[in-house]
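Hello,

Here is the structure for you to look through. My notes follow below it.

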Amino acid sequence: MKHQRSTAQWREMDAAHHLHPFTDTASLNAQGVRMITHADGIYLWDSEGNKIIDGMAGLWCVNIGYGRKDLPEIAKRQMEELAYYNTFFKTSHPAVVELSHLLAEVAPKGFDHVFYTNSGSESVDTMIRMVRRYWDVKGKPQKKTLIGRWNGYHGSTIGGASLGGMSYMHEQGDLPIPGIVHVQQPWHYKYGKGMSADEFGLLAASWIEDKILEVGADKVAAFVGEPIQGAGGVIIPPASYWPEVERICRKYDILLVADEVICGFGRTGHWFGQQQFGFTPDIFTTAKGLSSGYLPIGAVFVGNEVAATLAAGGDFNHGFTYSGHPVAAAVAHANVKALRDEGIVAAVHEDTGPYMQKRWREAFSRFEHVDDVRGVGLIQAFTLVKDKASQTLFDNWGEIGLMCRDIFFRHGLIMRACGDHIVSAPPLIISKDQIDEMIATAVECMEIFEQKLKERGLA
Ligand code: PMP
């Protein structure tokens, strides 16, 4: 596409009129934005012609990669045929019916129903309302409290930000709202020193049981967690954790909810993260990879028992103008079909995922200030540490992470710092050669980073 304006003009206009998410506006405007103008596969280009490896698949969402030719064609056709209609007035349309049918095919057994939203946050808020409605219909309206986790991320709406455990979000706007409590995250490196992974997994799950007993099982509606905490820094729980969480939820008659907004649609090499960890939730929330970010759409997958209970309750007074938007649904359908029929999810499981994990560990474990090198499928991370032998983290959590992240950015690689966790989740279509290219760039950056730490006397 030909653009009429210069980068400087765009920067000026952006600073004048555009408020960015999760951004210190004054400092961004002093620096000026980087204009991303086009993308193909795993690569982005900025307005100054720089080619960038997108090691984050946008915001963990462009699973199918950039530049597909079929998805815009399908969007165009759908827009011409039926650009919009709602699903409120006892009406439906082919795009949403086809998508629902396909999602029931790719979902784990027992998830035959979906409720549509436009984003992960809306999926989470929908789930909160659904869980509370479920217990109302069951005749237990006092079961209202949801348990989330510190450092979990469930979106930016009032419900999602409350359920998430980001204290810097809670600080703004009196969150969490009532009826939401948190337990500590299953971060073995920090909270399980000296314990085996399995022992720690059971301990971390027991914190949920403690919280249930503290609140009273008769008041707890659900426990909600990401299979792998993504935005919290790719915190991968030990194998013993999720099965034990499931056992506890069943024991106390509490719904188990997986937030699959990042893990869903192939990220771990399975269709959903719950399959990686071997547990069955009652409900799970999705967005991102559902359309690979080509259009905004989310879906709440509702287990058959919950769906039947909600149906028995009559009206569920909830929904969005754009629930099941025809164009987003048509694009999501084509995306999910391609993830399946082109073997993209299978390749992450069998080929590129294991390759990435092997190369990631080989490349980064040798660095003096890198520890807890981890990952599964095409989601991976490591933690920057002051001292590996004593497992000591840096002071001022997040400061060193940003410094490291900035070096990656300057060298044409986007990886993200979540505190001092450096994380990556590239498009699922990344090839082995591209994995090598990405890791080689990252290794160069890490050498520069460790040198800088020494120069600044930080290590
Ligand atoms: N849940 C999880 C697990 C997420 O990672 C995110 C976004 N990173 C959300 C919910 C919120 O999604 P959205 O930004 O689309 O509202």
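In which loop is the place of N396? N396 sits in the loop between strand 13 (392–393) and helix 16 (399–410). Helices here are DSSP runs of H or I with at least four residues, strands are runs of E with at least two, and both are numbered from the N terminus.

A word on the source. This is a predicted model, so local features need pLDDT of at least 70 and side-chain atom pairs count only at pLDDT 80 or more, while totals for chains, interfaces and linings use all residues. Residues are numbered from 1 along each chain as its sequence is written, and side-chain values use heavy atoms, with hydrogens and water left out.

N396 counts as exposed, at 52% relative accessibility. The cut-offs are these: buried is under 20% relative accessible area, exposed is over 50%, and partly exposed is in between (1.4 Å probe, protein chains only).

F265 is not a glycine either, and has a positive phi of about 65°. Look for F265 in the loop between strand 8 (255–259) and helix 12 (273–277). F265 is buried, because its relative accessible area is 1%.

Next, a cis peptide bond. It joins L175 and P176, with omega about 0°. P176 lies in the loop between helix 8 (167–170) and strand 6 (180–183).

A helix pair

How do helix 5 and helix 14 cross, at what angle? The axes of helix 5 (residues 94–106) and helix 14 (residues 326–341) come within 8 Å and cross at roughly 30°. Therefore helix 5 is roughly parallel to helix 14. Axes are lines fitted to C-alpha atoms, for helices over the stretch in contact, and angles run from 0 to 180 degrees between N-to-C directions. Angles under 35 degrees count as roughly parallel, over 145 as roughly antiparallel, 65 to 115 as roughly perpendicular, and the rest as oblique.

Which residues meet? From helix 5 come A95, V96, E98, L99, L102, L103, E105 and V106. From helix 14 come P326, A329, A330, A332, H333, V336, K337 and R340. Contact means heavy atoms within 4.5 Å. By class, this contact has 11 nonpolar, one polar and four charged residues. Ala, Val, Leu, Ile, Met, Phe, Trp, Tyr, Cys and Pro count as nonpolar; Asp, Glu, Lys and Arg are charged; the others, Gly among them, are polar.

H93 is in the loop between helix 4 (70–82) and helix 5. H93 is buried, at 4% relative accessibility. Leaving aside neighbours within four places in sequence, H93 contacts L82, Y85, T87, G324, H325 and P326.

Cysteines

How many disulfides are there? The count is zero, where a disulfide is a pair of cysteine sulfur atoms within 2.5 Å. The closest cysteine sulfur to that of C263 is in C418, 13 Å away, so it is too far for a bond. C404 is in no disulfide either; the nearest cysteine sulfur, that of C445, is 7.8 Å away. C263 is buried at 1% relative accessibility. C404 is buried too, with a relative accessible area of 1%.

One last residue

K51 is in strand 3 (residues 51–54). K51 counts as partly exposed, at 46% relative accessibility. Not counting residues up to four places away in sequence, K51 touches Y43, L44, W45 and G412.

Best wishes
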